[in-house]
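Work through the exercises below with the sequence and the 3D view at hand. Try each task before reading its solution.

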Amino acid sequence: MNDHKPGEENSRYRRGELPPLGALRCFEAAARLGSFTRAAQELHLTHGAVSRAVRSIEDALAVELFQRRSQRVFLTAAGERLRDATAAAFDVLAATVRELREPPRKPALVLSCEPTLLMRWLIPRLPAFQAAHPGIGLQLVAGGGPVGFGEIDLAIRRNDFDWGRRVHAQLLFEERVGPVCSPAYRARHLRGEGRRAQWDESAVLLHSATRPGAWADWARAARRRVPVVQTQAFEHFYFSLQAAAAGVGVAIGPWQLVRDDIEAGVLVAPQGFAADGSGYHLLSPQAISEGSPAAALLARLRAQA
């Protein structure tokens, strides 16, 4: 996935904050195999080398990744989180290496999508499209704002800016937003049901720099008042949703971005959702012709909305 005019531009990556790649590789193997000895055999290292590599990560992060009991190792909660992250990262690296070894080929469709929507809505729904249309290649590009067709074929954007008369737009879904939090946070801080529900004075409203008007937009759409309680701001909208899931406070969540977490019981939306008047569209430089790969993608995305 390449960057293309990112809509959330302030993300920062500092290489110095990561443990050495070799140490992470040792940890990933040990976590996956459940054994330092088997990890050492797979990586052609000594048991001591793997143990020292894992210990260096634990020392750098100041957390325990494994519990060592009776000559066996068991992942801690922190270790499970790092295992999932390293496994995903090495999968991406392996896939990229495979692609680089293959002859270059132009994908059938290059689709640009706003980063948060890409992560939380589009990517989880790709397997259904790929299963239904295995012959259609799709390359995803993270981007927001005005679209420069040429490098990309299609774009998904919210209609909060003028994309011009020459752009063809097909509505995918209307935006509906509402307060979301963890089930435990709701039990502690929300009193009442329905329109009478009120957040207590110790509740925290979560804001973000990328969508500073989210709470005001919801209040206007739902004909409610923004609660007068404590607030906390995050750099990215995505971070506010993660914080809500972690029990930090209450964030405004668009339905399509939080629906999977709600269905999984990670988040709840005690005050429901209200249409804010905006919507997401599939943009193209010309009309989408019937029977084309773009038409197949449009139909699948609408079915998943």
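**Exercise 1. The chain as a whole**

What percentage of the 305 residues of the chain count as buried? Then describe the extent, the surface and the contacts of the chain.

Solution. Keep in mind that this is a predicted model.
- Step 1: 40% of the 305 residues count as buried.
- Step 2: Take the secondary structure. The chain has 10 helices and 13 strands.
- Step 3: Take the extent. The C-alpha trace spans about 65 × 60 × 35 Å along its principal axes.
- Step 4: Take the surface. The accessible area is about 17,300 Å². Carbon and sulfur atoms contribute 51% of that area.
- Step 5: Residues 24 or more positions apart account for 73% of them.

**Exercise 2. Charges**

Count the charged side chains and locate the centres of the two sets.

Solution. 
- Step 1: There are 38 positive and 31 negative side chains.
- Step 2: The centres of the positive and negative sets lie 2 Å apart.

**Exercise 3. Two aromatic pairs**

Classify the pair F173 and Y280, then the pair W255 and F273.

Solution. Two values are needed: a pair of aromatic rings is described by the distance of the centres and the angle of the planes.
- Step 1: The structure holds 8 aromatic pairs.
- Step 2: For F173 and Y280, the ring centres are 5.3 Å apart and the planes meet at 40 degrees. Planes over 60 degrees apart count as edge-to-face, and those under 30 as stacked. The pair F173 and Y280 is therefore tilted.
- Step 3: F173 belongs to strand 7 (residues 168-180) and Y280 to strand 13 (residues 274-284).
- Step 4: W255 is in helix 9 (residues 255-263), and F273 is in the loop between helix 9 and strand 13. The two are 18 residues apart.
- Step 5: W255 has 22% relative accessibility and counts as partly exposed. F273, at 23%, also counts as partly exposed. The cut-off for buried is under 20%.

**Exercise 4. A cluster and two charges over rings**

Which residues form one aromatic cluster? Which rings have R25 and R69 over them?

Solution. 
- Step 1: F27, F36 and F66 form the cluster.
- Step 2: The charged end of R25 sits over the ring of F90, 5.1 Å from its centre.
- Step 3: R69 lies over the face of F74, at 4.3 Å from the ring centre.

Definitions and conventions:
Residues are numbered from 1 along each chain as its sequence is written. This is a predicted model: local features need pLDDT of at least 70, side-chain atom pairs count only at pLDDT 80 or more; totals for chains, interfaces and linings use all residues. Side-chain values use heavy atoms; hydrogens and water are left out. Helices (H or I, at least four residues) and strands (E, at least two) are DSSP runs, numbered from the N terminus. Buried means under 20% relative accessible area, exposed over 50%, partly exposed in between (1.4 Å probe, protein chains only). Contact means heavy atoms within 4.5 Å. Accessible areas come from the Shrake-Rupley method with a 1.4 Å probe; for residues, only the protein chains shown count as cover. Lys and Arg count as positive and Asp and Glu as negative; His and the chain ends are not counted. The place of a charge is taken as NZ of Lys, CZ of Arg, CG of Asp or CD of Glu. Rings of Phe, Tyr and Trp (its six-membered ring) pair if their centres lie within 6.5 Å; planes under 30 degrees apart count as stacked, over 60 as edge-to-face and the rest as tilted. A charge sits over a ring if NZ of Lys or CZ of Arg is within 6 Å of the ring centre and within 35 degrees of the ring normal.
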